Amino acid sequence: MVVDTSFDLKTADPAREFETTGAIVSHAIYETLLTFKGDDVTQPVDGLASYTMSDDAKVMTLTVKEGHTFSDGSPLTVDDVVFSLERVQGIKGNPSFLLDGIKIAKVDEKSLTMTSQDANPALPFILPNGALGIVNSKVVKANGGTTDANDGAEAFLNKTSAGSGPYELESYDVASQVVFTANKNYSGPVTRGHDRVILRNVAGPTQLLNIQAGDSQVALDLNPDQAKELKSGDVKLISGPSPYMIFVLMNQNPAVNKFTSNQDFMTAVRRGIDYGKIINLAGEGAVQPGGVIPSLFVGALKTDPSNSFDASASKAALAKSGYNGEEILLNFPNDITVQGLELQSIAVSVQAQLKSIGINIKLAPQPVATELDSYRGGKETLGLWYWGPDYPDPTDYLVFTPGQLVGLRAGWAADANAEITGLAEKAKAATGNEARQAAYEALQKAMNVSGPFIPLLQPAKNVATASTVSEVSLNPVWTIDLAGIK
């Protein structure tokens, strides 16, 4: 089985990887305490362990299931779990923030606890991440592994895997390909479709040629135009919304621009965008999220009239704003794509739509290396950006509220909106899917009325497979389950 993708890969060490391709690799080699079934990320299910949460969502108790074995045949134990999680925390690699503030403690030979100082209802949604895959502690320790900054096991784990997943690492080249072979001692629930899988680093246009010629069986990174070319070929196409959310920000700092921080002007922009045209531009499978949380996650808002095109309402709000044709900059990076979709094409469409309302937008594209400084520094006037989830839970989107990471990038200070800040605190503390769903919906509805962010779309994720492939298991966290390709 040959799978083509455009590599975003730095390491095969699960405690250090936090890239898209790294997640594919980790999921194939390492099992996690909890997981998701298929593409449903709204309900974590048992993986290596079952779990219970305390009523205040501060203490998770995990019971490790018997019978799981590592690739060397040794049994997976609670000690391996504790070591693996503490190693993620201790070496302070990119994924270490997933376990910030969590105390891990062995209870007995079958169970452990994970304790958070504050309510942490997101933890069950975090644990399926491949960066939290469980390693064979004896093997990793014997090859330089520790639970602190002195850890030296990465080089070993880039050559020889130490997991209990369906595959072992045969070879690893960060620039060209990763080869997996069947773990003969695998004892998990997945039935492998193939005993050997090659994951290749291939650019999108070549992926299209390879899948059409039969040189590969799966292509993961086709853009909307490439996907259209497959319509008449003997290749199957799977298109659906990706977990990425593309948005416009309106700077709330009057020193940056007096109009983008004006509520009437913000309403004019929000109601002056024809979202249907943006979705059509993005192609089949793209959707408009109701708020900043993608449609795939708990807490997602299906639709909201506040984010709908109404030319009359837009012009009326614009007339009240005091705006009189002044030039407004729209900043965005022009050298990156999101699921193959260029931000330039979206920016041009937004510019044309707002012109018909009477807003004079000047496009100000820059290379991402240049534009990032302005974005992170809160200096953009209007900005066009995207957000990819760190984990599939609505708490990851609290960064869009006043005084938080992305909120500050829009000049939205901590004391800017007491109502929204209060709703954010309620949402963060809510427990149980039903209560959390209601709390995050209320938060997003308020943000859509008076907040500085306009969620435009979730671009499509296009996956092509050969006609000989009968089944593919996709998921927003690890993209594809290599063992699930049949």
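I begin with a definition: a residue is called buried under 20% relative accessible area, exposed over 50%, and partly exposed in between, with a 1.4 Å probe and protein chains only. The model is a predicted one, in which local features need pLDDT of at least 70 and side-chain atom pairs count only at pLDDT 80 or more, while totals for chains, interfaces and linings use all residues. Residues are numbered from 1 along each chain as its sequence is written, and side-chain values use heavy atoms, with hydrogens and water left out.

A salt bridge here is a side-chain nitrogen of Lys or Arg within 4 Å of a carboxyl oxygen of Asp or Glu. The count by this rule is 16.

Consider D79 and K106, whose closest N and O atoms lie 2.9 Å apart. This pair links distant parts of the chain, 27 residues apart: D79 belongs to helix α2 and K106 to strand β6 (residues 102-106). Helices (H or I, at least four residues) and strands (E, at least two) are DSSP runs, numbered from the N terminus. K106 is partly exposed at 36%, and D79 is partly exposed at 40%.

Next, D310 and R271 form a salt bridge at 3.7 Å, N to O. D310 sits in the loop between α9 (275-282) and α10 (311-321), and R271 in helix α8 (residues 263-272), 39 residues apart. Is each partner buried or partly exposed? R271 counts as buried at 18% relative accessibility, whereas D310, at 29%, is partly exposed.

Finally, salt bridges with shared partners join D13, R16, R87, D151 and E154 into one network.
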